[in-house]
Amino acid sequence: VGTCWVAVVQSLYEDSQEGMRMTTLWFYRLIDCHKKSVRPAGVDPDTEIFLCNVSDENSLNTIEVTCSILGEEAYLEATTKRSEAGISVEDEAIFLCRTRYVPGLNPKVPGEFSPINDIQGELESLCLAPALWQIVKDLIQTFQDSWVETLAAFHAKQSAALSKEKRKLAGVGATPGDDDISAIVKRPRGADGSAAGSSGASSAALSPSPVSVGSGSSV
């Protein structure tokens, strides 16, 4: 998650050719901000992000993982609890946001930072309603499960073809049905039936490719 970019999903729509798409409002990382901008003190470039006014549209399939975006007090409380439980911030995909960043009018002009008093309130006004966000998470899970199955089947067939070729080179005849060997591997599920690796959080992390996005509610 540390190498992803983060955004919030503001709206959903369906494209007849590209399927489900979303309008996203982006957060900037320190590396995205103008080097000559007057930056806030004590920024962790891996975990702190800045609410920005840059938005665009992306395929829903570019979401990589859901996450939580928290203000300073909530972030400190969440990271303390996770540290005591032996869970890393990266595993839980949570980010600190206490500042807004507005880029300059052109690449040569430094952007401006300003404090955010209530990031949760800001996000609630920007994001999808909770019911719609649940739909997004369900669609993400369906896509990820399908992709895992497709990759597993592909690798199984590749392995079978390689084994067959090795037997031919060794002078051993192939067994009937080798060309049809495939395997479908589904993601392991926990005792509660949820897919392993799903965080259950209600925000998300986006990267230019793949993307992830979030609603911004705390865990």
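**Aromatic pairs and a buried cysteine**

The count comes to three aromatic pairs, where rings of Phe, Tyr and Trp (its six-membered ring) pair if their centres lie within 6.5 Å. The model is predicted: local features need pLDDT of at least 70, side-chain atom pairs count only at pLDDT 80 or more, and totals for chains, interfaces and linings use all residues. Residues are numbered from 1 along each chain as its sequence is written, and side-chain values use heavy atoms, with hydrogens and water left out.

**Aromatic pairs**
- Tyr-28 and Tyr-101 form a tilted pair, 5.6 Å centre to centre with 35° between the planes; planes under 30 degrees apart count as stacked, over 60 as edge-to-face and the rest as tilted.
- This pair links distant parts of the chain, since Tyr-28 lies in strand S2 (residues 19–28) and Tyr-101 in strand S5 (residues 94–102), 73 residues apart; strands are DSSP runs (E, at least two residues), numbered from the N terminus.
- Tyr-101 and Phe-113 have ring centres 4.7 Å apart and planes at 45°, so this pair is tilted.
- Because Tyr-101 is in strand S5 and Phe-113 in strand S6 (residues 112–115), their pair ties together parts twelve residues apart in sequence.
- One aromatic cluster is formed by Tyr-28, Phe-50, Tyr-101 and Phe-113.

**Burial of the ring residues**
- Tyr-28 counts as buried at 18% relative accessibility, where buried means under 20% relative accessible area, exposed over 50% and partly exposed in between (1.4 Å probe, protein chains only).
- Tyr-101 is buried at 2%, and Phe-113 is buried at 18%.

**Cys-67**
- Cys-67 belongs to strand S4 (residues 65–70) and is buried, with 0% relative accessibility.
- Between Cys-67 and Val-8 there are 59 residues of separation in sequence and 10.0 Å in space, C-alpha to C-alpha.

How values were computed: Helices (H or I, at least four residues) and strands (E, at least two) are DSSP runs, numbered from the N terminus.
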